[in-house]
Structure formats: structure tokens, C-alpha cells
Amino acid sequence: MDGANQMAVTEYVLLGLHEHHNLEMVLFVLCLGIYSVIVLGNALLIGLNMLDPRLHSPVYFFLSNLSLMDICGTSSFVSLMLVNFLETQSTISFPGCTLQMFLTLALGSTECPILAVMACDRHVAICQPLQYSELMSRQTCVWMAALSWGTGFASSLLQSTLTWSLPFCGHSVINHFCEILAVLKLACGDTSLNALLTMVATTVVTLAPLRLICLSYVFILAAILRVPSAAGWKKAFSACSAHLTVVVVFYGTTSFMYFKPKAKDPNLAKIIALFYGVVTPSLNPIIYSLRNTEVKAAAIALLRGDLLSREMSRFSCCSLSGRTG
């Protein structure tokens, strides 16, 4: 973006729902509650994965990445949105809008590859259980997670750079919050290259991981059908049920947002987009808590104080050994 554009616009006006003040107050309370569930629920999952040795496995390592992504992704726009609900006019600075667009796009683009590597983890666990520890080593998991994060952030950096290089001619009113499609509507230049890049990026970071997920579950289903006992079927399905539920919820809600009929009332469209952004991340800790016996056992141990007392004992032993050494 050239200097003239930066001088022309120093802040953006976010329309929001200011003509419906009572509705904004209801949404503030509701979104604050959901946001609290997202932060506390996902932080609890990350804490349990760090404290409980039973959760020191690849699937929970990737789950921690997913939880961190949900916290950061939701915080990138919900925190400012909650403040704007209480104000008569909502504005965001040019640097703030740039950062918000970059983070929401980067973290949204990272979620699909993370779900794909989690599917690969389940595939190896069920189809190649004897080689699981070798194939899914700590180093391999770190590289897979780093590749997922790198892909999402590289895609966002490329799209954001190309978007902000467009001429904007002083337009400064954004319908809801700073996301790439809303910002592109403000441009007064040719956006055909941006549209092409968005389509390619969507294919790479959304559809390619979906194909990998589907392929992994085809092999998983084939392996399950070869298991002769019902107990083996149940064990295999329980190992995949939480991840499969998260995948269906994520891609189902995403498909609904992109293919739903255009709402006649623009305020209704804003509310639907709002709930898509805050409700979906809040479901992940609930799904993994309800459908996973190991996570439930770790949560119970935390409530009883067993995990913290174990960590304190280990810390005391390390301190004593350090002194004697």
C-alpha cells in the first residue's frame, strides 16, 4: 500500500449493530460468556496436556495446538468486538485493522492443516499401531505442527500484503470487522489477482487438508472392518470419534457460511457471522471433554488435586537433587 493510501485512511469505522443498542447488550453478555468458555476451556485442555503424563502423546500435542489456535484466533477479533458493543461508534486504527485481518486469516488457515495432521495421527494409530511410536515421534510431530502453522501464516502474509497494496481512495467504512473480503470491498482498483490468490489459497489450505482427512478415514474404516471383534470396533471408533466430530463441525459450519443463501437483512448476516466465529471454537473443548475418557480422567485428577501435588513433588525432588549435585 503506498503512502497516499496510508495518509488517506488512519482508522476505519466498523458499522456493527449500533442502531440496535438493546440487541448489542444481549450479544455482549452472550459473547462474553462464550468467549470465557473458549479461553478457559481451551486453556484447561492445554494445562491438562502439560500436567498429566497420560496425555503426553501425539494426538494431545496436536490438540494443544488446536486449542492455542482457538484462543488466539477468537481473541484476535472478539476482544475488540466486546469493547465496541459498549461504545456508540466503533473504530479501529489502520495498524489494528491490518493486524486483525492478518491474524484471523492466518489462524483460520492453520486450523485445516492441523485437523489434517490429526487425521494422519489417527490413521497411523489404527492402521499401523506397531510402528506408531516410531512414525509419530516427538520430532515428527513438531515438524508437522510447524509446517501447519507455517502454511497458514505464509498464506495470510501473502494475501494480506497483496490486499494492502491496492488503492483504497479514502474509503473507511467496514461492515463488521477487518477480514479480507470486507477490506477488499473498500478497494477501488482491480482485485482480480486477489480473487485468484484467494481461490488458490482456499484450495491449498482448506480443500487439500479435507482430501487428506477423507483419505485417512477411508483407510481407517477399511482397517476397522477387518477387525473381527465388536470390542475392537468400539475401541477404534472411540479413538477417532472426537476428532471426526470436530472435523464435521468445522467443515460443516464453514460450508454453511459460504453456501448459505444471502440474508435479506444485513444485521442478520452479521449475527450469523458472529456466532460462526465464536460458537465453533467453544465446541472443541466440550467435544474432547465429553468424548474422551483420558481427558475426563485428567480433569477429575486436577479437581482432586492429584496432578498439582504430583507436579509439586516432582519439582521438590528436582530441587533436592540439584542441591545435592
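Reply: Among the elements of the protein chain, α6 (residues 138–164) has the highest mean pLDDT, 92, whereas helix α1 (residues 3–8) has the lowest, 48. Over residues 1–7 the pLDDT is below 50, and this stretch has 11 contacts in the model beyond near neighbours in sequence. Where pLDDT is low, the predicted coordinates should not be read in detail. For the protein chain, the average pLDDT is 80, and 83% of the residues score at least 70.

Consider next the form of the helix. With 27 residues, α6 reaches 39 Å from its first C-alpha to its last, close to the 39 Å expected at 1.5 Å a residue. The buried residues of α6 are C141, M144, A145, S148, W149, G152, S155, S156, Q159, S160, T163 and W164. An α-helix has 3.6 residues a turn, so residues three or four places apart point the same way.

M81 is found in helix α3. This residue counts as buried because its relative accessible area is 9%, and buried means under 20%. Not counting residues up to four places away in sequence, M81 touches C31 and L274. Between M81 and L32 there are 10.0 Å in space, C-alpha to C-alpha, although they are 49 residues apart in sequence.

Helix α8 contains V204. V204 counts as partly exposed because its relative accessibility is 46%, and this class lies between under 20% and over 50%. Together with L193, L196, M199 and V200, V204 forms a nonpolar patch on the surface, with about 460 Å² of accessible area.

The wider setting can now be described. The protein chain has 12 helices and 3 strands, and 42% of its 325 residues are buried. Of the contacts with a separation of 6 or more, 80% are between residues 24 or more positions apart. The protein chain exposes about 17100 Å², of which carbon and sulfur atoms supply 70%.

Methods
Residues are numbered from 1 along each chain as its sequence is written. This is a predicted model: local features need pLDDT of at least 70, side-chain atom pairs count only at pLDDT 80 or more; totals for chains, interfaces and linings use all residues. Side-chain values use heavy atoms; hydrogens and water are left out. pLDDT is the predictor's confidence in each residue, from 0 to 100. Helices (H or I, at least four residues) and strands (E, at least two) are DSSP runs, numbered from the N terminus. Contact means heavy atoms within 4.5 Å. The expected span of a helix is 1.5 Å times one less than its number of residues. Buried means under 20% relative accessible area, exposed over 50%, partly exposed in between (1.4 Å probe, protein chains only). Patches are made of residues with over 30% relative accessible area and no salt bridge: like charges are joined within 9 Å, nonpolar side chains (Val, Leu, Ile, Met, Phe, Trp, Tyr) within 5 Å. Accessible areas come from the Shrake-Rupley method with a 1.4 Å probe; for residues, only the protein chains shown count as cover. A salt bridge is a side-chain nitrogen of Lys or Arg within 4 Å of a carboxyl oxygen of Asp or Glu.
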